[in-house]
Each structure stands twice: as C-alpha cells, then as structure tokens.
Amino acid sequence: MKNWFLSKKSDIEEALSKFFLDFGRSILGFVYFLGGLANLTGQCFYYMFTPPFNKERIFEQAKRAGYDSLGIVSLVSLFIGFIYALQTAYFMQRIGSEIYIASLVAISLVRELGPVITALVVAGRVGAAITAEMGTMQVTEQIDALETLATNPIRYLVIPRVLALSLMLPLLTLYADVVGIFGSYLICVYKLGISSNMYIHATFDVLFRKDLFTGLVKTVFFGLIIATVSCYEAFNVEGGAEGVGQATTKAVVKTFIMIIAADCFFTALFYFIFP
Amino acid sequence: MIDIIKVSKNFNGHKVLDKLSLKIEKGQTCVIIGRSGCGKSVLLKHIVGILKPDSGKIVIEGQNIPDLNEKELDAVRMKLGMVFQGGALFDSMTVGENVGFGLIEHDHVSRRELLERIEEALCMVDLCGIENLWPAQLSGGMKKRVALARAICIRPEIILYDEPTTGVDPITADSINELIRSLHDKLKVTSIVVTHDMKSAYRVGDKLAMLYQGNIIAEGTPEEIQKAKNPVVHQFINGLAKGPITETIDHYREY
Ligand SMILES: Nc1ncnc2c1ncn2[C@@H]1O[C@H](COP(=O)(O)OP(=O)(O)O)[C@@H](O)[C@H]1O
Ligand SMILES: [Mg+2]
C-alpha cells in the first residue's frame with residue numbers, strides 16, 4: 001500500500017521535474033539563440049559599413065524578396081481589406097456610423113495590419129527559402145568552401161539578404177497598405193453604398209504622416225529580423241536534409257515570435273512617444 | 001612548409017584531435033590515412049583556418065594560422081586550394097563561375113584572362129569546354145574534378161584534398177591520382193591528401209601518416225609504412241577485419 005503510494009508520487013514528481021527541466025532548457029536555449037543572433041547582427045553591422053559592397057548581389061536578393069513577393073502580398077492584403085471592411089461594417093452599422101469605416105480601416109491597416117501581415121507573409125515566403133538554401137549550403141560544405149576561397153560568408157551571403165529585406169519590406173508594406181485600402185474601398189462603395197468621394201476623403205483626412213511613418217519604420221526592423229534569424233538558423237544546421245527541414249521550421253517559428261514581440265514593443269513605444 | 005604542433009580539438013567533450021603533431025616539407029605530398037570519422041576532415045579544416053584548435057599551433061610559412069586576423073588569413077587562403085569531400089560546388093553558379101570564383105572575387109583580372117584561366121584549369125582536369133553546365137548536371141566524379149579545377153585556378157602553392165578518390169569509379173580514381181602526381185611534379189605544389197584508399201595513398205604519397213585516436217601514430221615513406229611493425233597500422237593498410245582497431249571498438253561496446 002505504502003509502496004504503491006510512493007511510486008505514484010514519484011511518477012508525478014518525475015513528470016513535474018521533467019516538465020520544469022524541459023521548460024528551463026527551452027528558455028536557456030532561447031537565451032542562447034538570442035546571444036548568437038545578437039552576435040550575428042553585430043557582425044552584419046560591421047560588414048555593412050566596410051567596403052567592398054556588391055550591388056549586383058543586393059539587387060538580386062531585392063528582386064527575390066520584393067518583386068517576386070508582389071503576387072502573394074497583393075492577394076493577402078486585398079482579402080484583408082475585404083474582411084476588415086466587412087467586420088468593421090458589422091459594428092458600425094449597429095451604431096449607425098458607417099462613415100467611420102473608411103477611417104478605421106485606413107488607420108488599422110497603415111499602422112498595424114499592413115506591416116505585420118506583410119512581414120509574416122515575407123517571413124514564410126522569403127525567410128524560409130533563405131534558411132533552406134543556405135542550410136543546404138552549410139551541410140554540403142559550400143559555406144566552408146566560400147571561406148577557403150577567402151570570401152567571408154557573412155559579407156557574401158548575409159549582408160545582401162539583410163539589406164534587401166530591410167529595404168524591400170517597407171516598400172512592400174506601403175504597397176500592401178494601398179491594396180488593402182483598395183479592397184476595403186470596393187466593399188464599401190459597391191456593397192455598402194458609401195459614396196466614392198466620401199470614402200476617399202474619410203481615408204485621407206484621418207491618416208497623418210506619423211501613422212505612415214510608425215507603420216513603415218518598424219518594417220525595417222522586421223526585415224532585419226527575418227534575414228538575421230533565417231541566416232542564423234542556416235549557419236547552425238546540423239545533420240543532412242532532415243537538419244535543413246528542422247532549421248527551416250525553427251527559423252519561421254522564431255521569426256514569427258520575434259516579429260510579433262517586436263511589433264508589440266514598437267506599438268507601445270510609438271503610443272507613448274507620439275501620443 | 002606546414003608545421004602542425006600539438007593541436008587538440010574537442011567537440012562537446014568528444015576529443016577528436018589530441019596533441020597532434022605533423023610536419024610537411026615544401027613540395028612534398030603527404031597522405032594522411034585513417035578510418036572514417038577519425039578526424040581527417042577536421043584536421044584539414046584546421047589547416048585552412050575554418051576551425052580553430054583548442055590548443056596548439058598550425059604554422060604555414062612562418063605564420064600561425066589561429067593567430068591571424070581576417071585579412072592575413074585571407075592572404076594565406078589565396079595561396080591555398082582545398083578540394084572538399086563532396087566537391088562543395090556552388091550550385092547557384094555555372095561550372096565556369098565556380099572555377100573562376102577566387103579570381104572573380106579577389107584578383108581583378110581582365111575578362112579575357114579570366115576565361116583563359118578557367119579554360120586552362122578545366123582542361124587540366126580533362127573537362128575542357130563544360131563552363132556553361134550547372135553542377136547539378138555533373139556526375140560525382142566530374143564534380144570532384146571541377147572542385148579540383150576550382151582549387152588550382154588560383155594557382156595555389158598548397159593543395160589540400162579531402163578524400164579525392166572516394167566514391168568514384170576506379171578509372172576516374174586513377175586519373176585523379178595521376179593528376180595529383182602531375183601537379184606535384186609540374187607545379188611543385190605542397191599537397192596534403194586525406195584518404196582511406198590505400199592504393200591511392202601509395203600512388204601519390206611521398207610520405208604517409210596514419211591518424212588514429214586523435215594522433216599520428218606512424219609516419220614515413222610508403223615502403224616504411226608497409227613494413228611497419230605497429231599492429232594498428234598493419235591492420236589498417238591490409239584492410240583486416242580483425243585486429244587492435246576493431247578490438248578497441250568492441251571493448252567500448254561492452255561497457
Ligand atoms: N562541426 C562539428 N561539430 C561537432 N562534431 C564534429 C564536427 N565536425 C566533425 N565532428 C566530429 O569529429 C569526428 C571526426 O569527423 P571527420 O573529421 O569528418 O571524420 P573523417 O576522418 O571521416 O573525415 C566525427 O566524430 C564527427 O562527429
Ligand atoms: Mg571526412
């Protein structure tokens with residue numbers, strides 16, 4: 001009887017201690033990851049400002065990250081525009097203030113939804129591709145080969161991606177804002193019967209320069225996060241094809257978490273410094 | 001001259017190199033033999049400075065590799081060619097761009113000279129005129145030879161080969177051996193060849209060194225190694241299943 005009780009208790013204890021151990025380990029792992037990421041980012045800043053620079057490679061990456069993402073960004077932000085207009089209309093019609101739909105949609109899209117959704121789409125589309133490509137280069141020793149050919153892999157591979165993403169993400173976001181507002185315009189003008197003139201006026205009246213600014217500034221950092229996290233995970237691939245797959249998953253998950261956390265930080269920051 | 005002095009390296013507590021010392025004279029071809037996983041590639045990566053030793057020195061032409069800054073290290077690397085085990089060709093570039101990579105990035109040669117040097121390097125490995133193919137279109141043996149062409153295109157003084165004949169057919173293996181030999185005779189390069197293919201080791205080596213448990217346990221000319229008394233060396237070069245090497249593994253397995 002006593003024995004049974006004891007063993008039962010130790011089972012629970014074991015499960016609990018395992019839970020806390022795993023939990024502690026994953027927190028430590030994340031701290032370790034942040035340290036490594038900070039190191040990589042530091043090196044990026046160093047190489048970013050020391051010549052030589054390779055414009056061609058930056059353009060190539062910018063095309064892949066920016067131009068090639070236009071399709072999916074258009075589609076997603078158009079739908080977000082539709083959805084957001086309809087959701088806002090649901091409440092605004094109840095309190096009889098349809099006229100504010102346009103203003104609300106414009107502010108939310110430009111300040112919050114446009115930047116975050118674009119960043120997440122790009123993280124999934126471009127970030128994952130970066131980790132898969134560079135992770136494969138890592139396991140096939142191509143990154144070592146670069147080094148033996150006296151070429152620094154950070155300068156050669158990471159810098160073009162960091163610059164391309166940090167420059168293209170604000171532009172893509174601006175584009176997403178426009179498409180999203182256009183989507184909402186379609187719903188409001190053709191389904192809810194708001195006049196086109198009124199919609200356009202309501203949109204531009206509420207949007208201040210600071211809304212656009214706060215929305216776009218943070219996307220520069222989102223771009224930096226996507227590029228550095230994806231490259232960091234690629235450099236740390238272990239094993240073969242399976243390792244590349246795991247690294248890609250890790251890169252996307254960590255990028256998502258960090259983008260949302262950074263967004264929370266920036267929203268709070270801008271809320272308090274530009275009230 | 002390459003002088004490796006008491007180099008040790010751990011990976012997560014697993015000792016791969018243990019106070020390893022080895023000296024390679026200028027113009028010599030040194031073959032390092034040893035079982036898979038004994039740390040041959042790790043040793044080569046220390047020589048090119050991709051890995052840093054926990055302790056010890058690697059001195060090339062009077063410079064200690066782990067102490068060099070990035071610029072000095074790059075200068076040494078431009079005199080050094082490395083042929084990786086799987087080729088490690090850049091698959092986003094054509095064969096020509098791969099072979100000319102070092103020149104394109106560092107020696108600002110004219111376009112005509114660049115094309116000539118690429119052609120010359122490819123012809124040296126008997127692959128004239130494949131500049132415009134992609135690495136994915138090549139067979140394993142061709143990839144190895146293109147990797148060799150990439151290494152010799154910068155006209156190095158030292159070439160490191162990581163298992164150049166592993167995984168290619170015997171005829172290609174022989175032509176690679178011939179090539180290593182002729183680079184040694186014609187260009188007077190210093191070479192380090194890592195392999196577990198004994199036939200190739202005897203063909204190309206001026207000196208053989210056996211790596212075992214993190215250390216060089218025997219070195220000498222091919223004849224000396226063949227006559228070595230050491231039972232570990234004897235087992236390895238004759239490819240015997242029974243002997244001290246496998247016994248230690250069984251010994252580990254029991255505990
Ligand atoms: N980057 C690394 N991290 C951890 N362990 C490594 C690393 N590189 C090599 N090793 C370990 O070192 C040992 C020797 O590997 P290697 O030099 O590749 O063997 P080989 O003699 O077949 O070339 C292996 O046990 C391998 O697991
Ligand atoms: Mg190896």
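User: Hi! Which protein donors does the magnesium ion (ligand 2) have, and how far from it do they lie?

Analyst: Hello! This is a predicted model, and in it the donors are B:Ser41, through OG, and B:Gln85, through OE1.

User: Nice. Where in chain B do B:Ser41 and B:Gln85 sit?

Analyst: B:Ser41 belongs to helix α1, residues 40-47, while B:Gln85 is in the loop between β6 (80-83) and α3 (95-99). The two are 44 residues apart, and the pair links distant parts of the chain.

User: OK, zooming out. How many helices and strands does chain B have?

Analyst: Chain B has eleven helices and ten strands. Its radius of gyration is 19 Å, close to the 18 Å from the globule rule for 255 residues, so chain B is as compact as a globular protein of that length. Along the principal axes, the C-alpha atoms fill a box of roughly 60 × 40 × 35 Å.

User: And what share of the residues is buried?

Analyst: In chain B, 53% of the 255 residues count as buried. As for the surface, chain B exposes about 12100 Å², with carbon and sulfur atoms supplying 52% of that area.

User: What about contacts between residues 24 or more positions apart?

Analyst: Those account for 65% of the chain B contacts that have a separation of 6 or more.

User: Last one, on charges: how far apart are the mean positions of the positive and negative ones in chain B?

Analyst: They are 3 Å apart, for 32 positive and 34 negative charges.

How values were computed. Residues are numbered from 1 along each chain as its sequence is written. Chains are lettered from A and ligands numbered from 1 in the order in which they are written. This is a predicted model: local features need pLDDT of at least 70, side-chain atom pairs count only at pLDDT 80 or more; totals for chains, interfaces and linings use all residues. Side-chain values use heavy atoms; hydrogens and water are left out. Helices (H or I, at least four residues) and strands (E, at least two) are DSSP runs, numbered from the N terminus. The radius of gyration is taken over C-alpha atoms; the globule rule is 2.2 Å times the number of residues to the power 0.38. Buried means under 20% relative accessible area, exposed over 50%, partly exposed in between (1.4 Å probe, protein chains only). Contact means heavy atoms within 4.5 Å. Accessible areas come from the Shrake-Rupley method with a 1.4 Å probe; for residues, only the protein chains shown count as cover. Lys and Arg count as positive and Asp and Glu as negative; His and the chain ends are not counted. The place of a charge is taken as NZ of Lys, CZ of Arg, CG of Asp or CD of Glu. Donors are N, O and S atoms within 2.8 Å of the metal (3.2 Å for Na, K and Ca); water is not among the atoms, so sites may look incomplete.
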